[in-house]
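Colleague: Could you take me through this model and tell me what stands behind the words you use for it?
Modeller: Gladly, here it is.

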Amino acid sequence: ELPLNDQKTFELLRAGDTTGVFQLEGGGMRRYLKELEPSSLEDIIAMISLYRPGTLDAGMVPHYISRKLGKEKVTYLHPKLEPILNKTYGIMVYQEQLMEVARALAGFTFSEADTLRKAVGKKIWSLLQEQEEKLVKGMIKNGIDSHKAKEIWQWFEPFARYGFNRSHAACYAIIGYETAYLKAHFRVEFMASLLNAEVSDIDRIAFLINESKKSGIEILPPDINKSFVNF
């Protein structure tokens, strides 16, 4: 029942203060969170999806951030793409969008769009080549010129190197947001829980003790008169 618009939580995310926050604690992810300045759960869902090999290699993260912050104009290669891509500023981020584009622009059925998703998701190269031909032909048949149809297909290619589905990302984002909320509001308890969870990893413990000190949390040394089994 946590509120999904808690400003203290979003301040923590915007600061990249995400050690221990599910899916959001890597160095690169922290840097992008600071640049993105997330203000809604939608931003977390998108960031979790964009921080994947295919979309990273294709350079989609900086474009998404620039468009979100109004530094880059949001454009659509075809008017039919706007209702599909407007939440992600004209950038194809999710497998579900890929399927919708195939249906709206190339006349794919639900079943055909799912076959395309499988070809992309499972990196089946022979099937991908078939799907490229089918998709481009479908778009041309629907009145899209061949150059633009091939340009739209190029959006699909990064997904073959690892594209994420929105439903999965949304589940991750909820857990990420919840852990960020706990850290923002109950930092001492949160860090104690993290230390206990990682107690068998000495390097991680050393890192977490330093992170705690940065937050002004004192970690006392072992003391035969005061210590318990756990932190």
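Colleague: What makes you say that Arg 52 lies over the face of Phe 164?
Modeller: Arg 52 is at 4.1 Å from the ring centre of Phe 164. A charge sits over a ring if NZ of Lys or CZ of Arg is within 6 Å of the ring centre and within 35 degrees of the ring normal, and Arg 52 over Phe 164 counts as such a case. Another is Arg 31, whose charged end sits 4.6 Å from the centre of the Tyr 32 ring.

Colleague: Before we go on, what kind of model is this?
Modeller: This is a predicted model, where local features need pLDDT of at least 70 and side-chain atom pairs count only at pLDDT 80 or more, while totals for chains, interfaces and linings use all residues. Residues are numbered from 1 along each chain as its sequence is written, and side-chain values use heavy atoms, with hydrogens and water left out.

Colleague: Why is the pair of Tyr 64 and Tyr 89 called edge-to-face?
Modeller: Rings of Phe, Tyr and Trp (its six-membered ring) pair if their centres lie within 6.5 Å; planes under 30 degrees apart are stacked, over 60 edge-to-face and the rest tilted. Tyr 64 and Tyr 89 are 5.2 Å apart centre to centre with 70° between the planes, so the pair is edge-to-face. Tyr 64 belongs to helix α5 (residues 60-68) and Tyr 89 to the loop between α6 (82-85) and α7, 25 residues apart. Helices here are DSSP runs (H or I, at least four residues), numbered from the N terminus.

Colleague: And why is the pair of Phe 164 and Tyr 172 tilted instead?
Modeller: Their planes make 40°, with 5.9 Å centre to centre, so the pair falls into the remaining class, tilted. Together with Phe 22, Phe 164 and Tyr 172 form one aromatic cluster.

Colleague: What puts the buried residues of α9 on the same side?
Modeller: The buried residues of α9 are Leu 128, Gln 131, Leu 135, Val 136, Gly 138 and Met 139. They cover an arc of only 160° around the axis, taken from the directions to the C-beta atoms, which puts them on the same side of α9. On the other side of α9, Gln 129, Lys 137 and Lys 141 are exposed.

Terms used: Buried means under 20% relative accessible area, exposed over 50%, partly exposed in between (1.4 Å probe, protein chains only). Helices (H or I, at least four residues) and strands (E, at least two) are DSSP runs, numbered from the N terminus.
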